Amino acid sequence: MQTLAILGGERTVPEGMIQTWPPLTQEDRDAVMSVFDSNILHGTSAPNAVALQEEFAEFIGVKHCLVTNSGTSALHMAVASLGIGPGDEVIIPAFTYWSTAAAVLHHNAIPIFVDIEMETYSIDPDQIEAAITDRTKAILPVHIHGMPVDMGAVMAIAKKHGLLVLGDACQAHGCKWNGQTIGTMADATGFSTNRSKCLSSGEGGLFVTNDDNAYSIACKLREFGEVVIHGEDREYNAYGLGWM
Ligand SMILES: Cc1ncc(COP(=O)(O)O)c(C=O)c1O
């Protein structure tokens, strides 16, 4: 038997094979410098932000996309843009990154935990109905590790009980369930572009929806609740609670 590497044997994973993520290329450096050169470092009309929103909406196959400063704010935006608020219950999986629950709590709603299934480590659709009460407003499945939740089952339960469906796709960019891209079926979905994600910007997030009303509320939330129209004077009044 070979000696284990830890005991002085040969390494199975050679030195230098493990690289940092994401790989950074000259193209990335040029893209960052082009933002500096444009002199527009932030804002709803920043050219690179607008281009990313359009490209990501097309990639997922949804009407609307907004860039956010994190996946957590994109998830909060999904919660708040759909009118979920104080005392409303949102069903989430018991196994996820904790900010799924935080996004619900940030809008004074209550996360209700449902156990996961062993095949996907995602919410077990068979256990969702037992968690529904008269205060349940939405189901928020998490497509953990890029493994899609059984959206057919989730959507059927939501339809039966008149519930909204949100999505935590922070680890699931471009992931598909039954040929349908994650982000197209739920009422609103949040993605993360944090350093460790397969689409990475260091820190950041993406909110997507097909719902025009949710999108218009999300535009306000991105401005801390203010209506900001490019080229027009600002009112400096807030009409909602956003985390951007
Ligand atoms: C499943 C899941 N939900 C939410 C988040 C939160 O995203 P962010 O770190 O960009 O706020 C992450 C990533 O960290 C995640 O993996």
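Guide: Strands β8 (residues 188–192) and β9 pair in the antiparallel sense, over five bridges. Please keep in mind that the model is predicted: local features need pLDDT of at least 70, side-chain atom pairs count only at pLDDT 80 or more, and totals for chains, interfaces and linings use all residues. Residues are numbered from 1 along each chain as its sequence is written.

Visitor: What makes β8 and β9 a pair?
Guide: Two strands pair if DSSP finds at least two bridges between them, and here there are five. Strands themselves are DSSP runs (E, at least two residues), helices are runs of H or I with at least four, and both are numbered from the N terminus. Within this pair, Gly190 stands opposite Phe207 in β9.

Visitor: Which residue stands opposite Leu206 in β9?
Guide: That is Val67. Strand β1 (residues 64–68) also pairs with β9 in the antiparallel sense, over five bridges.

Visitor: Why is β9 called largely enclosed?
Guide: A residue is buried if 20 or more other C-beta atoms lie within 10 Å of its own, exposed if 12 or fewer, and partly exposed in between, with C-beta atoms placed from the backbone. Five of the five residues of β9 (residues 205–209) are buried, so the rest of the structure largely encloses the strand. In a regular strand, side chains alternate between the two faces of the sheet. Both faces of β9 are covered, with Gly205, Phe207 and Thr209 buried on one side and Leu206 and Val208 on the other.

Visitor: How do you know which residues surround the ligand?
Guide: A residue is near a molecule if its C-beta atom, placed from the backbone, lies within 6 Å of it. There are 15 residues around the ligand, and the closest are Ser70, Gly71, Thr72, Cys170 and Ser192. Helices α3 (71–81) and α4 (99–105) each supply at least two residues of that shell.

Visitor: What puts the buried residues of α5 on the same side?
Guide: In α5 (residues 151–161), the residues Met151, Val154 and Ala158 are buried. They cover an arc of only 65° around the axis, so they lie on the same side of α5. That arc is taken from the directions from the helix axis to the C-beta atoms. On the other side of α5, Ala156, Lys159 and Lys160 are exposed.

Visitor: And what follows α5?
Guide: Gly162 does, and its phi is positive, near 65°.
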